[in-house]
Amino acid sequence: MATTNDLKNGMVLDLDGQLWSVVWFQHHKPGKGGAIVRTKLKNVLSGKVVDKTFNADVKVDVATVDKRDMTYLYNDGSAFVFMDKSTYDQLQLQPEVVGDAVHFLLENQDAIVAVHDDLPLYVELPASVELTVEYTEPGLQGDRSSGGTKPAKLETGYDIQVPLFLTTGEKVKVDTRTGDYLGRVTS
C-alpha cells in the first residue's frame, strides 16, 4: 500500500483488479478545498491510456512487478522464447506480450521482461538498438531544398525511413520507442 503522494512515473498500481502503469502525474492544490493528484495511467495488458484524478493521501495498491533480465533466444512460430539470465529457465511469450518490440528483436539480444504473479506483462528493450539495413534503393540526389529520406528494410523485416546516403549492408541505430532512424553506426 502507498498513498497518492508517493506516486512516481513507471510505478504499477493494482486498481479494481487491473494493473495500471503511471505514465504522468501532477499534484494540484486548487484555491479552495483539498489537494488532488491528476494522473495518466496506462493499462499494462491492453495499452489503453486513461486520465484519473485521486484525492491527495488516498491509499492505492502497488503491484509487485518483477523486472527480469532475459535473453531472446528464438521464435518457434507461435511464441517468442526468452531465457532468464540468472536461472537459465526458458519462458515462452505470446506475440501480444512482446508487442512492438518484435520489430527490433534479434536472437541472443538482451531484454527486460516484466512479470507479475508468474504472468509476463511486457518486454522492455534498450532505448536504441543497432540493426543492419537488409535492403534499400540507391539514393538519388535531386532537386530538393532539404535532406531527403528513403525506405529501408532492416534485418528484422521492419521498414524505416533513412537518409539517402545509406546503402544496403550498413548498420544503423534505431530508437526502439518510436522506430525512428537515429544515426549510422561506424565500427
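**Core, backbone and salt bridges**

Reply: In this predicted model, the largest nonpolar core comprises 25 residues, and those with the most contacts inside it are Phe-82, Leu-93, Val-98, Val-113, Val-123, Leu-125 and Leu-154.

Me: Which elements give two or more residues to this core?

Reply: They are strands E7 (66–75), E8 (80–84), E10 (109–116), E12 (128–136), E13 (149–154), E14 (159–163) and E15 (171–175), together with helix H1 (95–98). At least three residues of the core come from each of domain 2 (66–124) and domain 3 (128–184).

Me: What is Val-123 in contact with, leaving aside neighbours within four places in sequence?

Reply: Val-123 is in contact with Phe-82, Leu-93, Val-97, Val-98, Ala-101, Ala-111, Ile-112 and Val-113. There is also a second, separate core of 10 residues, which includes Leu-7, Leu-13, Trp-20 and Phe-54.

Me: Is Tyr-88 buried or exposed?

Reply: Tyr-88 has a relative accessible area of 58%, so it counts as exposed, the cut-off being over 50%. Asn-108, in the loop between H1 and E10, also has a positive phi of about 65 degrees without being a glycine. Asn-108 is exposed, with a relative accessible area of 58%.

Me: On to charges: how many salt bridges are there?

Reply: The count comes to seven salt bridges. One of them joins Lys-67 and Glu-124, whose closest N and O atoms are 3.0 Å apart. Lys-67 is in strand E7 and Glu-124 in strand E11 (residues 119–124), so this pair ties together parts 57 residues apart in sequence. Lys-67 is partly exposed at 43% relative accessibility, and Glu-124 is partly exposed at 28%.

Me: Which residue does Asp-118 meet in a salt bridge?

Reply: The side chain of Asp-118 meets that of Arg-68, at 4.0 Å from N to O. This pair links distant parts of the chain, with Asp-118 in the loop between E10 and E11 and Arg-68 in strand E7, 50 residues apart. Asp-118 is exposed, with a relative accessible area of 68%, whereas Arg-68 is partly exposed at 24%.

Me: And what about Asp-159?

Reply: Asp-159 forms a salt bridge with Lys-153, the closest N and O atoms being 3.6 Å apart. Separately, salt bridges that share partners join Asp-66, Arg-68 and Asp-118 into one network.

Notes. Residues are numbered from 1 along each chain as its sequence is written. This is a predicted model: local features need pLDDT of at least 70, side-chain atom pairs count only at pLDDT 80 or more; totals for chains, interfaces and linings use all residues. Side-chain values use heavy atoms; hydrogens and water are left out. A nonpolar core is a set of buried Ala, Val, Leu, Ile, Met, Phe, Trp, Tyr and Cys residues joined through side-chain atoms within 4.5 Å. Buried means under 20% relative accessible area, exposed over 50%, partly exposed in between (1.4 Å probe, protein chains only). Helices (H or I, at least four residues) and strands (E, at least two) are DSSP runs, numbered from the N terminus. Domain bounds come from an automatic or database domain assignment. Contact means heavy atoms within 4.5 Å.
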